[in-house]
Amino acid sequence: MEMNRRQFFKTCSAGLGGSSLVMLGFSPLAAQAETRQFKLARTTETRNTCPYCSVGCGIIMHSLGDKAKNATSEIIHIEGDPDHPVNRGTLCPKGAGLLDFVKSPSRLKFPEVREAGSNEWKRISWDEALDRVAKHMKADRDANFTAKNAKGDTVNRWITTGMLAASASSNEAGYLTGKVMRSLGMLVFDNQARV
Amino acid sequence: MSDDTGARPATERMLLDPEEIVARQAYDIPRVRLPGRDTVFRPRAARLRTLAETSTIGDYLRFVATIADAQQQQLDSYPALPLPPVERMEQNRKFGMPPLNAVSLQRAPAWRTILRSLLTTVLHSELPAPLRVTLEQFATQVDDYFEAQASKLLSANLQGLNVAVAPLLAAALQVYFVGMASQFTLEDVPALGEASLCPCCGSRSTASLARIGAQEAGYRYLSCALCATEWHMVRVKCTQCLSTKDIHYQSIDDGRPGREHAVKAECCDACNTYLKILYLDRDPNLDACADDLASVALDVLVGETGRPGCGVNYMLVQGETAAP
């Protein structure tokens, strides 16, 4: 029944033959000829969260391309998600300019380092970047970790390094951020999504 | 999780109390947009004529515009079409059914009067000779024939349905149902949650519209093929199987950037169907029925990829097709 409905009620691949248009004496020939000249363009709409601030507005990103292996898909439009309970389709000027943010020539797309004494940024791998960050954190923690305060109470704190996590984090990511950083004794950290 | 909700009948859980509905209105967008007496057929006729200027099925669009004019004329001559008995509508609502359930509704004889007058009006316009003969023949049919044909059309039973004149038959039924639905207020329409079928008459939709306007900007509504009621459904979601995975859009590549395409086919890989979505922010004059007809090339192209559409447009009924 369900399949029949679909087949019966819509123009199928046979074109317009058998439809009321043809049966009432109108010609489908021009339309059929025109259809031969057309091809389809595929777009997708993807829900995401605006990366800017702690409000966490919902966005819909429109992209072009068929997601085939060798084809690059391209974001062509970004709008507020009307069904998102936080922003209900609205965006602030920064959010409304997200497409330019995505396509900005100065957008940071990979880790870079400017060595001490150098005036140039050098691209490095994620592995290298994380190793370097870990080494810096360890050195700073070893140097500045406070186990006891002046009164001799145990405090186990590390306040010379801080961390700020992203706005689009889920509850779970926020929980993990807290667990990992607290386990190091870090106090100065925050989640953008907290507010 | 709780046994309490599990034990209640499904219909009871779906329905909101009148107080709840009123309370929600204060901060919600309207979940249903009921048709107005001037918001359906008149704009549709105008839109059809505009589209006809550049369309390869322009003749047909102009013919459907003639029908739409006649529909408006008929609707204007009935200030209040008779509604079904109040108890019947109340019972439907109570059990989570649309109050004007098209398949089971006892139609008032008025719709046949509308059909006969509508045919007379259309026959007064300039028509090609073979079309005139078909319509004149149809106009001589008896009431029982019209009733039987209407029941077949509304229950999507194509066995023995006269496909050629189905748009005329449907046109009269549309006037009848729009005339009834336009008397409703929001409280008359049950909140059925996210539904593929019209909450007012239980029919399928022609297409969905991403609306514009201060309150509704960007929100998507499905447009009923019969009573022109529009009901809200979340964007980027299959309107048939409610899947949100693997939704993509196909439009006709006319050389313009994809974000400017006003008519797209929203395709779902989960149930392998599509329904057109019309973006009013890209063209504020879009009409579900008219633009669905005018974009028939999109139906053909998407259909050729092996994906059937799930929308219904009574102005273009497709009968059984012989293999090409």
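Modeller: Happy to! This is a predicted model. Let's start with a strand pair in chain B: β2 (residues 205-210) and β7 (residues 273-279) are joined by three bridges.

Biologist: Do those two strands of chain B run parallel or antiparallel?

Modeller: β2 and β7 of chain B pair in the parallel sense. One residue to look at is A210(B), whose bridge partner in β7(B) is Y279(B).

Biologist: Nice. What packs on the sheet there?

Modeller: Helix α12 of chain B, residues 296-304, packs on the sheet. The helix touches β5 (247-252), β6 (263-268) and β7 of chain B, and also β1 (40-49) of chain A. Its direction makes about 125 degrees with that of β5(B).

Biologist: And how many strands form the sheet?

Modeller: Ten, in an open sheet with mixed pairing. The order is β3(A)-β2(A)-β1(A)-β5(B)-β6(B)-β7(B)-β2(B)-β3(B)-β4(B)-β1(B).

Biologist: Which strands stand at the edges?

Modeller: Those are β3 (74-80) of chain A and β1 (32-33) of chain B. Each has a single partner strand, so one side of each is left without a neighbour in the sheet.

Biologist: How do β1(A) and β5(B) run?

Modeller: They run antiparallel, joined by four bridges. In β5(B), S251(B) stands opposite A41(A).

Biologist: New topic: how many residues are in contact between the chains?

Modeller: 44 residues of chain A are in contact with 50 residues of chain B. On the chain A side, the largest share comes from β1(A), with seven residues.

Note on methods
Residues are numbered from 1 along each chain as its sequence is written. Chains are lettered from A and ligands numbered from 1 in the order in which they are written. This is a predicted model: local features need pLDDT of at least 70, side-chain atom pairs count only at pLDDT 80 or more; totals for chains, interfaces and linings use all residues. Two strands pair if DSSP finds at least two bridges between them. Two residues are in contact if their C-beta atoms, placed from the backbone, lie within 7 Å. Axes are lines fitted to C-alpha atoms, for helices over the stretch in contact, and angles run from 0 to 180 degrees between N-to-C directions.
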